[in-house]
Amino acid sequence: MRAQSSATAATPIAVDAPAQPRAGTLQAALGVVAFSLTFPATAWGLEGFGPWSLVAVRSVLAAVLAGGCLLALRVPPPARRHWPGLAVVAAGVVLGFPLLTTLALETSTTAHAAVVVGLLPLTTALLSALRFGIRPSRTFWAAALAGAAAVVAFTVQQSGGALTTADGYLFGALLVCAAGYTEGGRLARVMPGWQVIGWALVLCLPLTVPAAALALAHEPVRLGVHSVAGLLWVAAGSQFLGLVVWYRGMAAVGIPKASQLQLAQPLLTLVWSVLLLGEHLTAAAPVTAVAVLVCIAVTQRARG
């Protein structure tokens with residue numbers, strides 16, 4: 001119980017700050033793998049649910065899972081000073097990003113939507129620098145910019161280079177998610193990462209429960225293997241478990257370095273889109289993959 005009650009302490013705790021940076025890097029990488037399945041799973045979910053129903057129901061299911069864990073472990077509520085940060089996490093990660101990307105995926109392919117996560121590492125690093133005064137090295141920034149440029153060029157080329165009306169949703173999602181990641185990474189230094197996303201999900205229940213009821217009443221539902229599997233993954237994998245290990249990783253290795261691991265996420269998403277959705281990739285994929293891995297290696301070694 002001491003470990004749980006320490007979630008409200010004023011000083012950082014050790015539970016989400018492993019002594020070995022490799023452990024934090026591994027946890028952040030597992031989060032990236034979980035996130036890379038989000039767009040294909042969302043596309044599956046949209047086969048049987050409307051966009052508003054899918055987003056609301058996934059948030060409710062994830063909140064039930066998180067709330068059950070909080071109750072079972074008798075975790076006390078966070079200190080009052082932490083609630084504004086949790087509200088930012090809730091607005092960006094629980095509500096904003098899922099809603100905007102789901103709306104985008106109604107008219108956009110997963111390859112085109114991957115542009116947003118290609119820019120997310122750089123945006124998260126920029127917001128964390130502005131928010132907390134973090135000053136990574138020039139080498140870090142050069143590698144981050146190069147990696148982001150490589151990912152954007154590849155994903156735009158995959159979608160034919162055409163801009164769609166979904167781009168407004170995607171870039172909006174980029175900004176709100178980066179803000180949620182930044183605040184979540186900060187909070188994960190003073191409370192366990194799973195509690196950060198858990199309380200953010202619970203905080204949204206007064207909005208997501210009535211939204212789910214309203215959306216299900218007005219949007220058609222066609223249950224199938226794909227739609228149910230997609231819903232379960234985005235609820236349990238992307239919305240809760242993936243964010244648990246992701247915030248733990250950010251707390252251990254720092255927001256800028258952890259965010260650069262997401263440079264690999266668009267490429268992983270494209271792999272899943274081929275295996276799960278039957279989309280086709282060009283020969284540029286392995287070349288871009290090598291370039292991205294080099295950039296990740298440089299950012300992980302750079303000192304800031």
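Arg186 has a relative accessibility of 27%, so Arg186 counts as partly exposed. Keep in mind that we're looking at a predicted model here. The side chain of Arg186 forms a salt bridge with Glu183, and the closest N and O atoms are 3.0 Å apart. Both residues sit in helix α8, and because Arg186 and Glu183 are three residues apart, about one helical turn separates them.

Glu183 has another partner too: the side chains of Glu183 and Arg131 meet in a salt bridge, at 2.8 Å from N to O. This pair links distant parts of the chain, with Glu183 in helix α8 and Arg131 in helix α6 (residues 110-132), 52 residues apart. The count of salt bridges comes to two. Through shared partners, Arg131, Glu183 and Arg186 are joined into one network.

How exposed are the members of that network? Here are the values.

| Residue | Relative accessible area | Class |
|---|---|---|
| Glu183 | 8% | buried |
| Arg186 | 27% | partly exposed |
| Arg131 | 46% | partly exposed |

So Glu183 counts as buried, given the cut-off of under 20% relative accessible area. As background, side chains of opposite charge can pair when their charged atoms come close.

Now for the rings. The count of aromatic pairs comes to six. One of them is Phe35 with Tyr181: the ring centres are 6.1 Å apart and the planes meet at 20°, so this pair is stacked. Phe35 belongs to helix α2 (residues 21-36) and Tyr181 to helix α8 (residues 166-187), so to speak a link between distant parts of the chain, 146 residues apart. Both Phe35 and Tyr181 are buried. Trp83 and Trp199 make another pair, this one edge-to-face, with 6.0 Å centre to centre and 75° between the planes. Trp83 counts as partly exposed because its relative accessibility is 27%, while Trp199, at 11%, is buried. Ring pairs also bring Trp246 into a cluster with Phe35 and Tyr181.

What does the whole chain look like? For 304 residues, a compact globule would have a radius of gyration near 19 Å, and the chain, at 18 Å, agrees with that. Along the principal axes, the C-alpha atoms fill a box of roughly 55 × 55 × 25 Å. Buried residues make up 53% of the 304. Among contacts with a separation of 6 or more, 92% come from residues 24 or more positions apart.

Which residues make the nonpolar surface patch of about 510 Å²? They are Leu61, Leu216, Val221, Leu223, Val228 and Leu232. Leu232, for its part, lies in helix α11 (residues 225-253).

Note on methods: Residues are numbered from 1 along each chain as its sequence is written. This is a predicted model: local features need pLDDT of at least 70, side-chain atom pairs count only at pLDDT 80 or more; totals for chains, interfaces and linings use all residues. Side-chain values use heavy atoms; hydrogens and water are left out. Patches are made of residues with over 30% relative accessible area and no salt bridge: like charges are joined within 9 Å, nonpolar side chains (Val, Leu, Ile, Met, Phe, Trp, Tyr) within 5 Å. Accessible areas come from the Shrake-Rupley method with a 1.4 Å probe; for residues, only the protein chains shown count as cover. A salt bridge is a side-chain nitrogen of Lys or Arg within 4 Å of a carboxyl oxygen of Asp or Glu. Helices (H or I, at least four residues) and strands (E, at least two) are DSSP runs, numbered from the N terminus. The radius of gyration is taken over C-alpha atoms; the globule rule is 2.2 Å times the number of residues to the power 0.38. Buried means under 20% relative accessible area, exposed over 50%, partly exposed in between (1.4 Å probe, protein chains only). Contact means heavy atoms within 4.5 Å. Rings of Phe, Tyr and Trp (its six-membered ring) pair if their centres lie within 6.5 Å; planes under 30 degrees apart count as stacked, over 60 as edge-to-face and the rest as tilted.
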